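Subject: A structure for you to look at

Hello,

Here is the structure I promised to hand over. Have a look at it first, and then read on for what turned up in it.

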Amino acid sequence: METSMPLPQVTESQKELASQAMSEFDKKQYGSCCSLMHKLIAQRPTDPKVAHNKAVAEFFQSGFLTTDEFRQQLSKVCQMAHVNIDNSESLEDVDHSVIYFNQAVILYHLRQYKAALNILDKLFQYIEPLEEALAKKATMLLVELYLCTYQPEKAMGMVHYAEKTVFTAGKNAGEKENKEDQVDEAWKPKISLYKTRCLLMMKSMKSCKREIKSLMSTQAMNTAVIYLKSNFEHLRGNHKKAMKMLGSVSTSDFTEAGECMPVMYNNNLGCIHFHLSKHHLGAFHFRKAFQENENAIKDIKRGAEHNKNLSGKTLNSIGMSRHFELLYNMGIQLLHCGKAMPAFDCLVEAVQVFRSNPRLWLRLAECCIMANRQNNDEDRKLEKRLEVIQGSDGSGIHRKLRLGPGLKKDNPSPGTPAIPAATHEFAALCLKNALHLLPEDPLTAEKVPIEDSDTVKITPEMVLVPAPPGNPLKAAEVASLRCSILAASAYVALCLNDYTLALLHAENLLKQPKLTGAQRYLGHLYMAEAQVAMDKIADAIQLLNPELVVDISLTLPENKTEQDKSERDPEASESKGYFYPWSPKDLTRAKAIAQYDLATAHAIRGEYDKAGQNLGESSSRIGTPLPAQMYFLKLYLDLIEGRRNMAQVVIKDHFGHVTPNRVEMKMNSKPGVPRPDTAVS
């Protein structure tokens with residue numbers, strides 16, 4: 001075991017030097033302070049306290065620009081004091097508390113929040129014997145770190161503890177009465193700000209309203225207060241009021257914490273427009289936020305070259321860049337704009353930093369899906385319908401028409417799925433990552449033995465899932481996200497012709513306890529398609545019964561009451577509605593799609609009459625223009641049953657460009673014949 005040599009006794013002259021240095025430091029005369037510290041370190045070269053204070057004085061003298069050098073000096077001080085901050089379980093000596101605190105401050109500015117929190121947790125165990133000033137700073141930094149790591153409950157608990165103990169006037173005198181009225185006035189505004197941030201993150205609107213009202217009465221011109229008020233109105237759905245609050249703040253400077261105001265302003269506007277479903281306007285503001293962020297970084301780099309220091313950045317500007325957070329926001333916004341490839345490029349870069357976010361992996365997969373199929377109405381487009389008849393060969397009585405092979409085309413990935421590309425293979429990999437990041441599915445988890453069940457207690461912390469750069473996912477959000485991932489996984493597996501896996505995902509989706517009507521509908525369709533491909537047509541026909549389609553809503557049943565209220569109150573529903581429209585839009589069309597799939601299943605089984613009947617009913621409900629698949633199926637049924645004239649009628653009415661010589665024929669009005677008025681020429 002390594003032992004340290006005892007330090008020589010402090011002389012009166014050394015005490016005088018230390019006192020003068022402290023006096024100069026308090027006066028912010030850092031040059032004079034450093035000169036005195038150099039004299040003191042020459043007399044006590046092995047004293048870790050002197051070395052630490054000298055490093056702090058030099059760091060202040062540099063204007064907080066020499067962060068790298070300061071970290072090296074802190075490391076040397078730790079070696080001199082035989083302190084291992086990272087591996088020690090707790091603070092061994094109260095005299096080392098300042099070293100711990102300064103190390104946590106540096107890590108905080110480097111945005112290594114968990115590492116800083118780990119250090120401060122060790123320091124907090126000895127909060128009582130600490131100097132009052134250090135205890136206050138350590139407590140406030142601990143609250144900030146809890147908020148940065150999205151733990152508002154712990155942050156609020158720490159604020160309440162600090163109010164009762166650390167920030168109580170007369171703490172050292174042991175006064176116990178009327179502590180609520182004795183909180184240090186200088187710290188009250190900051191404590192109130194932290195309370196509001198905690199309540200906003202916990203979405204405790206009633207308590208937050210009272211706290212914000214108090215803040216606005218005392219600090220109405222404070223930028224932080226105005227932004228908190230704007231955030232509060234945004235969460236309440238009052239987006240116009242939130243924008244008005246943002247517009248009342250100057251956006252031409254930086255905050256004390258090193259945050260760039262123009263970046264914050266444009267980012268917040270982008271988020272507000274996202275919730276107003278004004279996605280292109282939101283993307284415009286995110287681009288402006290990008291530009292402001294890049295301009296701020298360039299200014300800092302120019303300053304670094306001028307000062308010629310190791311890092312060249314002030315401490316509070318080291319973590320100023322919000323490049324990856326803006327990439328994340330921009331990617332989500334572009335995805336809702338229908339721009340899959342630009343969104344994919346943004347999110348691929350963002351996932352390198354926020355790789356523990358399962359929701360981000362799902363969004364990446366959705367980019368891949370959208371890049372290969374824009375939306376569900378794509379098959380109604382003219383170019384898709386023109387693929388039904390590809391052309392003709394020969395002339396006269398020998399003229400033959402060439403039918404298309406179908407709309408589904410297999411486009412295998414040119415490389416390994418591990419290389420990011422907007423393919424279904426990479427989408428499958430993203431969805432697999434998303435599922436692995438979620439906690440174990442309760443439906444497949446092993447049951448806890450009965451004898452041990454009393455000792456197992458489910459707490460809210462056990463179901464929280466990290467989702468940086470946003471708040472962690474709670475149990476209800478995890479359940480909803482799991483359903484979305486399973487639905488997307490089933491679809492991607494069908495696109496990759498992996499029908500066994502698609503069936504597995506669809507079955508798992510339908511077993512989930514909380515499904516929206518739309519997810520249940522998709523689960524039945526995907527499961528039926530996989531069963532048809534696996535020659536389990538009888539099972540598929542049961543699933544495709546259109547009478548089973550009773551709900552395609554995008555909200556859970558328990559949330560429909562609130563949705564109905566908002567629909568009746570237009571002002572309250574300013575932000576309500578779906579962020580991205582999807583098809584089918586109504587129950588009639590949804591039943592028609594299921595009935596078309598049912599017709600296809602009957603046709604594969606050779607039940608052509610049932611197939612024709614279901615196709616006819618489906619084509620009358622699905623709306624115009626008809627999807628190209630319906631023409632394929634109609635022509636197939638007519639030709640296989642020998643109804644050549646009927647097939648000619650369909651071709652001449654809907655694909656006249658390949659039949660220049662029209663033959664007068666009577667239309668057969670049997671169900672299943674798409675009428676001329678159901679197609680768009």
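In which loop does N497 lie? N497 sits in the loop between α21 and α22. Before I go on, a word on the source: this is a predicted model, in which local features need pLDDT of at least 70 and side-chain atom pairs count only at pLDDT 80 or more, while totals for chains, interfaces and linings use all residues. Residues are numbered from 1 along each chain as its sequence is written, and side-chain values use heavy atoms, with hydrogens and water left out.

The whole chain

The protein chain has 29 helices and two strands; these are DSSP runs numbered from the N terminus, helices being H or I with at least four residues and strands E with at least two. Of its 681 residues, 44% count as buried. Buried means under 20% relative accessible area, exposed means over 50%, and partly exposed is in between, with a 1.4 Å probe and protein chains only. Take contacts (heavy atoms within 4.5 Å) between residues at least 6 apart in sequence: 62% of them join residues at least 24 apart.

Two packed helices are described by the angle between their axes and the distance between the axes. The axes are lines fitted to C-alpha atoms, for helices over the stretch in contact, and angles run from 0 to 180 degrees between N-to-C directions.

Helix α21 (residues 475-495) and helix α22 (residues 499-511) have axes that come within 8 Å and cross at roughly 160°. That makes α21 roughly antiparallel to α22, a term for angles over 145 degrees. The crossing is left-handed, meaning that the near helix is turned anticlockwise from the far one by less than a right angle. On the α21 side the contact includes C483, L486 and A487, and on the α22 side Y499, L501 and A502 are among the residues. By class, this contact has eleven nonpolar, three polar and no charged residues. Here Ala, Val, Leu, Ile, Met, Phe, Trp, Tyr, Cys and Pro count as nonpolar, Asp, Glu, Lys and Arg as charged, and the others, Gly among them, as polar.

Helix α19 (residues 424-437) also packs with α21, at an angle of about 150° and with the axes 10 Å apart. The two are therefore roughly antiparallel to each other, and α19 passes α21 in a left-handed crossing. Residues in this contact include L431, A434 and L435 of α19 and I485 of α21. The classes here are eleven nonpolar, two polar and one charged.

I485 deserves a look of its own. I485 is buried, at a relative accessible area of 0%. Leaving aside neighbours within four places in sequence, I485 is in contact with L362, L431, A434, L435 and L438. I485 and R359 are 126 residues apart in sequence, yet 8.8 Å apart in space, C-alpha to C-alpha.

Salt bridges

Side chains of opposite charge can pair when their charged atoms come close. A salt bridge is counted when a side-chain nitrogen of Lys or Arg is within 4 Å of a carboxyl oxygen of Asp or Glu, and the count comes to 19. Here are some to find:

- E12 pairs with K15, the closest N and O atoms being 4.0 Å apart. Both lie in helix α1 (residues 12-26), three residues apart, about one turn of the helix. E12 is exposed at 62%, whereas K15 is partly exposed at 44%.
- R44 pairs with D47 at 2.9 Å between the closest N and O atoms, and both residues are buried.
- R643 and E641 meet at 2.4 Å, N to O.
- K229, E233, R236 and K241 are linked in a network of salt bridges.

Backbone details in the loops

Back to N497: its phi is near 60°, a positive value in a residue other than glycine, and N497 is partly exposed at 33%. D535 also has a positive phi, near 65°, and lies in the loop between α23 (517-533) and α24 (537-543).

Look for two cis peptide bonds as well. The bond from P468 to P469 has omega near 5°, and P469 is in the loop between α20 (460-463) and α21. The bond from T624 to P625 has omega near -10°, with P625 in the loop between α27 (608-621) and α28 (628-640).

Enjoy exploring!

Best wishes

Notes. Angles under 35 degrees count as roughly parallel, over 145 as roughly antiparallel, 65 to 115 as roughly perpendicular and the rest as oblique.
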